[in-house]
Amino acid sequence: FMANRETIVVVDFGGQYSQLIARRVRDMNVYSELVPNTVSVEKIKEINPIGIIFTGGPLSTFDDCALSIDKEILNLNIPIFAICYGMQLTAQLMGGKVSTAKVGEYGKVEIEYEEHPLFKGIKKKGQVWMSHHDSVTKLGKGFKAIAKTKDTAIAAYANDEKNIFGLQFHPEVVHSEQGLDIMKNFVYNICKAKGEWNMSSFVNNQVAILKEKLQNKKVLLALSGGVDSSVCAALIQKACPEALTCVFVDHGLLRKYEREEVEKVFKEQFKINLITVDASETFLRKLKNVTDPEKKRKIIGKQFIKVFEKEAKKIGKVDFLAQGTIYPDVVESGIGKSQVIKSHHNVGGLPSVVDFEEIIEPLRDLYKDEVRKVGFELGLPEKMVMRQPFPGPGLGVRVIGKITKDKLDILRDADFAFRDEIDKAGLSKEIWQYFAVITDMRSVGVMGDERTYDYTIALRAVNSIDAMTADWYKIPHEVLDKCSARIVNEVKHVNRVVYDITSKPPATIEWE
Ligand code: XMP
């Protein structure tokens with residue numbers, strides 16, 4: 001199934017929309033995979049795609065370090081759809097010419113299309129999104145221009161015999177009217193896709209593969225309650241329930257009712273062999289008097305591994321360690337990682353403490369939204385599938401200063417009230433991540449006739465696409481008002497609520 005899966009390869013020239021292109025193709029029900037521009041022709045032959053897309057990129061074909069491609073790929077007679085930089089490069093490699101224009105085109109531009117299968121069903125005129133200073137000014141043999149704008153005579157080209165097509169504009173972004181229809185024409189009219197990629201067939205195929213692989217074997221999975229590990233657990237359970245053991249570590253830094261919800265879903269609903277380890281006391285002891293955020297993260301990460309190791313020893317040797325790795329984890333790891341701002345806690349350290357033969361990662365081909373769809377297919381509750389991001393170190397990075405049981409309990413209640421009010425206001429789908437933080441500050445207040453000296457709770461709500469940058473969310477004042485009133489009324493030892501109005505950068509999403 002994997003080998004003959006209908007695939008469109010996206011060759012990445014470093015453009016900011018490369019991932020988006022692959023996702024768009026998948027949304028059209030064709031599996032799509034990113035490869036770097038250095039990919040060899042042999043590798044392409046091995047993948048045997050029905051079509052190839054070249055992305056845009058930040059460079060000019062005139063730059064010394066301009067990215068190129070194995071020219072043989074252009075001779076495979078696999079349909080090629082080249083966008084922006086990819087379009088210019090391909091024109092050049094095929095005997096055309098690229099020049100730097102007097103004026104570049106940036107933003108929305110009017111375009112006029114010729115008759116062509118690529119533009120089947122497309123209105124003759126429309127707006128597209130451009131971002132270029134160089135243009136293709138001459139085409140090689142067999143090529144013809146099939147669209148133009150005021151300043152660009154060759155806004156799109158085609159070589160029908162060689163099955164090579166190029167667009168100067170970006171069809172993948174929403175600002176290009178009919179852009180997705182053009183992509184769809186490439187995928188269906190030109191590559192003749194069957195369109196079999198969908199999450200219910202993914203589940204069926206994976207279940208069949210796992211069933212065979214896991215028969216009479218043992219699999220161990222560290223369940224965090226997050227989307228990826230939860231979906232991974234449900235998928236393996238569906239394939240081979242006898243094989244799976246899940247370990248869930250309660251580090252005492254979970255949100256209110258979180259542990260109960262995980263147990264309810266996986267133990268009661270899915271009947272998974274789930275071991276919950278209550279290690280909250282150990283974690284609290286190790287974290288006692290620690291205030292430095294990085295130290296907290298390190299301690300929590302290290303302790304997590306220790307607890308897991310102890311549990312894994314009890315279980316003994318297993319055949320497989322399952323991990324909820326997803327596609328963005330796989331592709332990002334190839335590109336140079338930026339400076340570490342916060343040391344991330346995840347289960348990366350687990351392989352060294354488990355006695356196993358092989359790692360299995362059944363979700364490693366999927367984007368997050370596809371993982372969520374699989375979650376729904378498998379019958380996981382919406383609450384779990386659509387869960388907002390939650391850091392591995394949990395509330396440990398939301399308690400400023402010393403972490404104590406009291407502060408954790410106050411935070412849990414305040415956070416629950418906040419999330420519940422957001423839910424009631426119908427905003428839970430609008431906001432990417434929202435939570436409460438307990439500051440290390442106490443201040444004077446008055447309740448009834450009494451003077452109080454209690455904690456300040458901060459509320460945080462942000463929208464983001466990839467967590468690299470984030471905008472603070474403008475929660476309506478009436479909703480904030482309700483949240484504040486409910487928190488001070490319901491949660492003892494809180495007499496002040498503030499709202500975090502910084503974006504990332506310069507702040508980060510979490511406070512520690
Ligand atoms: P920051 O605070 O760095 O957070 O702006 C970006 C996103 O990452 C989440 N986050 C973590 N996720 N392990 C995780 O799995 C961690 O250690 C961790 N720290 C932060 C954070 O909630 C936000 O969504």
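Start by selecting Arg-398 and Phe-435: Arg-398 lies over the face of Phe-435, 3.7 Å from the ring centre (a charge sits over a ring if NZ of Lys or CZ of Arg is within 6 Å of the ring centre and within 35 degrees of the ring normal). The model is predicted, so local features need pLDDT of at least 70 and side-chain atom pairs count only at pLDDT 80 or more, while totals for chains, interfaces and linings use all residues. Residues are numbered from 1 along each chain as its sequence is written, and side-chain values use heavy atoms, with hydrogens and water left out.

Next, select Arg-5 and Tyr-31. The charged end of Arg-5 sits over the Tyr-31 ring, 3.7 Å from its centre.

Now the aromatic pairs. The whole structure has 15 (rings of Phe, Tyr and Trp, the last by its six-membered ring, with centres within 6.5 Å; planes under 30 degrees apart count as stacked, over 60 as edge-to-face and the rest as tilted). Select Tyr-113 and Phe-169: this pair is edge-to-face, 6.3 Å centre to centre with 65° between the planes. Tyr-113 is in strand β5 (residues 97-113) and Phe-169 in the loop between β9 (164-167) and α4 (179-190), 56 residues apart (helices, H or I of at least four residues, and strands, E of at least two, are DSSP runs numbered from the N terminus). Both residues are buried (under 20% relative accessible area, with exposed over 50% and partly exposed in between; 1.4 Å probe, protein chains only).

Move to Tyr-327 and Tyr-367. Their ring centres are 5.2 Å apart and their planes at 80°, so this pair is edge-to-face.

Finally, select Phe-13, Phe-54 and Tyr-85, which ring pairs link into a cluster.
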